[in-house]
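Open your viewer and get ready to click along. We will go from stop to stop, selecting a few residues each time and looking at what is around them.

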Amino acid sequence: MSDPLCDNPLNLVLEDPYYPKGEMAPVPRECSRGIIINDKGEIALHHVHRNDKYGDSIYYELPGGGAENEETPFEALQREIDEEMGYSIKEICYLGEVLDAYNLSKRYNHHSFFLARISGETRKHFVSAGDFLIKETPFFDRHDALELLRNQHEGGFEGLVKQRELPFLELAVEILDKHPEIIGL
């Protein structure tokens with residue numbers, strides 16, 4: 001599908017307001033995240049539990065993760081969805097990007113965001129330590145998913161996730177509301 005649906009991609013730069021800043025790695029980590037819809041137009045959110053240097057937290061985030069080798073941003077997202085959710089996906093459109101800081105990890109992440117739909121089943125097969133923090137990945141009505149992220153805690157790691165992902169989820173819900181035919185493709 002062409003990008004006229006997503007003709008105003010976001011381009012954000014975010015700082016970490018929650019943790020003390022130190023010397024950061026000079027090269028950002030490349031990542032991809034997706035607003036993944038099923039055939040009902042529901043949106044997948046990872047329900048994550050973590051207890052690490054960022055603290056003990058339970059929150060929701062969009063599926064995705066770091067790129068490997070020479071993957072394009074969408075190839076990285078396809079691999080991550082395969083590993084974390086057990087699905088193949090098809091791109092609907094590119095939503096934009098964000099460069100954000102993670103002060104405790106001493107790095108910047110460059111995230112590319114996509115709106116995509118499930119196109120088939122594979123087999124969930126967690127491969128990274130971060131994958132094992134995912135307790136479940138339920139699908140939510142798009143407005144319920146938006147409210148979950150809007151109501152997520154403002155501080156700590158949850159706050160970093162919220163500031164990174166909420167603008168893209170808002171954009172995706174706006175697109176889906178304006179173009180319900182996307183759900184039936």
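Start by selecting D141 and H143. D141 caps the N-terminal end of α2, with one of its side-chain oxygens 2.9 Å from the backbone nitrogen of H143. Keep in mind as you look that this is a predicted model.

Now stay with the helix itself. Which residues of α2 are buried? Select R142, A145, L146 and L149, and you have them. These residues lie on the same side of α2, because they cover an arc of only 100 degrees around the axis. To see what covers the buried residues of α2, show β3 (43-44), β5 (55-61), β10 (139-140) and α3, which are among the covering elements.

Next, move to the largest nonpolar core, a group of 29 residues. Select I35, I43, L95, L115, L169 and I175, which have the most contacts inside this core. At least two core residues come from each of β2 (29-37), β7 (87-102), β8 (107-121), α2 (142-150) and α3 (156-178). Which element gives the most? That is α3, with 8 residues. In soluble globular proteins, nonpolar side chains tend to be buried together.

Zoom in on I35. Beyond its neighbours within four places in sequence, I35 is in contact with several residues, including I43, L62, L95, F113, L115, F168 and A172.

Time for some rings. The whole structure holds 10 aromatic pairs. For one of them, select Y94 and F114: this pair is edge-to-face, at 5.6 Å centre to centre and with 65 degrees between the planes. Y94 sits in strand β7 and F114 in strand β8, 20 residues apart, so the pair links distant parts of the chain. Is F114 buried or exposed? F114 is buried, because its relative accessible area is 5%, under the 20% cut-off. Y94, at 23% relative accessibility, counts as partly exposed.

Then select Y19, Y54, Y59, Y102 and F157, which form one aromatic cluster.

For the last stop, find G184 in the segment after α3. G184 counts as exposed, at 69% relative accessibility. Select G22 too: G184 and G22 are 162 residues apart in sequence and 48 Å apart in space, C-alpha to C-alpha.

Technical notes
Residues are numbered from 1 along each chain as its sequence is written. This is a predicted model: local features need pLDDT of at least 70, side-chain atom pairs count only at pLDDT 80 or more; totals for chains, interfaces and linings use all residues. Side-chain values use heavy atoms; hydrogens and water are left out. A nonpolar core is a set of buried Ala, Val, Leu, Ile, Met, Phe, Trp, Tyr and Cys residues joined through side-chain atoms within 4.5 Å. Buried means under 20% relative accessible area, exposed over 50%, partly exposed in between (1.4 Å probe, protein chains only). Helices (H or I, at least four residues) and strands (E, at least two) are DSSP runs, numbered from the N terminus. Contact means heavy atoms within 4.5 Å. The arc is that of the directions from the helix axis to the C-beta atoms. A polar contact is a pair of N or O atoms within 3.5 Å; within protein, one must be able to donate a hydrogen and the other to accept it, and residues adjacent in sequence count only if both atoms are side-chain atoms. Rings of Phe, Tyr and Trp (its six-membered ring) pair if their centres lie within 6.5 Å; planes under 30 degrees apart count as stacked, over 60 as edge-to-face and the rest as tilted.
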